[in-house]
Structures are given as C-alpha cells and as structure tokens.
Amino acid sequence: MSVSHASVHPVEDPTATDGGNNNAPRVRMKDIQGMPGTKGGLALRLSQFIFAVAALSVMASTSDFASVTAFTYLVVAASLQCLWSLCLAIVDIYALLVMRSLQNYRIVISFAVGDGIASMFTFAAACASAGITVLIDNDLDSCDDNHCLQFETATAMAFISCFSALPSFLLNFWSLASR
C-alpha cells in the first residue's frame with residue numbers, strides 16, 4: 001500500500017509577498033458595464049424608468065384608457081416598471097457613490113428575478129395594447145373617434161422600456177449562471 005504522509009512529503013505554505021495580508025478581497029468576476037452597481041447598469045435603469053414614465057404618462061393623458069382592459073394593464077405594468085427601475089437606480093447610485101460591488105448572490109438573484117418579472121409584465125401589456133391598437137386602427141377604422149396616436153406612442157414606449165430591461169436581466173442571469 002502506497003500512502004503519502006505529511007512527514008514524507010511536506011507541503012510548504014505559500015509565502016506572502018504582500019506583507020502578510022492574506023485577507024485581501026477576492027474578486028469573482030469583472031464588473032461588466034450593465035451589471036448592478038456600474039455606470040452602464042445605472043444608464044439601463046434610467047432608460048427603463050424614462051420610457052416607462054413616458055408610456056405611463058402618455059396612456060394616462062387619454063380620457064378613455066380605462067375603458068379597455070389592455071390599456072389599464074399597460075398602465076399598471078408601466079407603473080410597476082417605473083417603481084422597480086427607480087428603486088434599482090437608487091441602489092445603483094448608492095453603490096457607485098460608496099464604490100461597492102453588487103455581486104452578492106442574494107442581491108443578484110433578486111435583481112434577476114425582479115427584472116424578469118417586471119419586463120415580462122411590461123412586454124405582455126405592450127403586446128396586448130398593440131393588439132387592441134391594431135384592432136382599433138386597421139380592423140374597425142375608428143381611429144378618428146379614439147386616441148390612436150397616444151395609444152400607439154404609449155405602446156411603443158412600453159416596448160422600448162421592456163427591451164431596455166432585457167440586457168439587465170440577461171447580465172444578472174449570466175452572472176448567476178457563471179458561479
């Protein structure tokens with residue numbers, strides 16, 4: 001039986017070249033722009049917020065959006081996207097000011113799940129609103145009686161808000177998958 005013992009094959013401790021500081025912070029992965037706590041992530045959050053506010057304000061400026069369920073759903077989804085993006089933009093600003101990395105597993109998983117849910121609701125609402133807008137404009141030819149331009153603008157802003165949330169979700173999901 002061939003067994004190695006510590007007395008036969010001693011293992012030396014690696015020498016510390018940094019003055020004995022073995023408690024240096026370990027970096028798991030490079031902060032990629034667009035991830036939480038970076039300037040790119042803050043820019044994505046602000047664009048999500050701006051387009052969701054635009055969709056919300058344009059849709060709410062019409063007097064008869066509440067008569068169609070899809071338009072009401074768009075207002076609710078845009079409100080959710082506004083709140084989520086604003087909260088995470090504040091967290092990103094704080095992380096940038098104190099120079100902290102937001103690569104904690106629990107933080108990243110909550111960001112990924114929240115981004116996925118908020119963008120999915122916004123996408124579903126934008127698709128439903130686009131369907132109703134096409135119905136009003138092309139099939140019923142009653143755009144003169146309705147606010148088709150406002151409905152189309154709000155729907156487009158909701159799509160842009162959803163698509164600006166997609167990079168955040170994918171980067172957070174990739175960060176989770178690479179652990």
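Me: Which way does H1 pass H4, in a left-handed or a right-handed crossing?
Reply: H1 passes H4 in a left-handed crossing. A crossing is left-handed if the near helix is turned anticlockwise from the far one by less than a right angle, and right-handed if clockwise. One note before we go on: this is a predicted model, where local features need pLDDT of at least 70, side-chain atom pairs count only at pLDDT 80 or more, and totals for chains, interfaces and linings use all residues. Residues are numbered from 1 along each chain as its sequence is written, and side-chain values use heavy atoms, with hydrogens and water left out.

Me: Okay, and at what angle do the axes of H1 and H4 cross?
Reply: Helix H1 (residues 39-60) and helix H4 (residues 148-177) cross at roughly 160°, and their axes come within 8 Å. Helices here are DSSP runs (H or I, at least four residues), numbered from the N terminus. The axes are lines fitted to C-alpha atoms over the stretch in contact, and angles run from 0 to 180 degrees between N-to-C directions. H1 and H4 are therefore roughly antiparallel, a label for angles over 145 degrees.

Me: What kinds of residues make up the contact of H1 with H4?
Reply: That contact divides into 14 nonpolar, 8 polar and 1 charged. Ala, Val, Leu, Ile, Met, Phe, Trp, Tyr, Cys and Pro count as nonpolar, Asp, Glu, Lys and Arg as charged, and the others, Gly among them, as polar.

Me: How do H3 and H4 pack?
Reply: Their axes are 7 Å apart, at an angle of about 155°, which makes H3 roughly antiparallel to H4. The contact of H3 with H4 has 20 nonpolar, 9 polar and 3 charged residues.

Me: And what about H1 and H2, how far apart are their axes?
Reply: The axes of H1 and H2 are 8 Å apart, and the angle is about 155°. H1 passes H2 in a left-handed crossing.

Me: New topic! How many salt bridges are there?
Reply: The count comes to 1 salt bridge, meaning a side-chain nitrogen of Lys or Arg within 4 Å of a carboxyl oxygen of Asp or Glu. Asp115 pairs with Arg45, with the closest N and O atoms 2.6 Å apart. Asp115 lies in helix H3 and Arg45 in helix H1, so the pair ties together parts that are 70 residues apart in sequence.

Me: Last one: which helix gives the largest share of the nonpolar patch?
Reply: That is H3, with 5 residues. Helix H2 (69-97) and helix H3 (105-139) each supply at least two residues of the patch, and Tyr73 lies in H2.

Note on methods. Angles under 35 degrees count as roughly parallel, over 145 as roughly antiparallel, 65 to 115 as roughly perpendicular and the rest as oblique.
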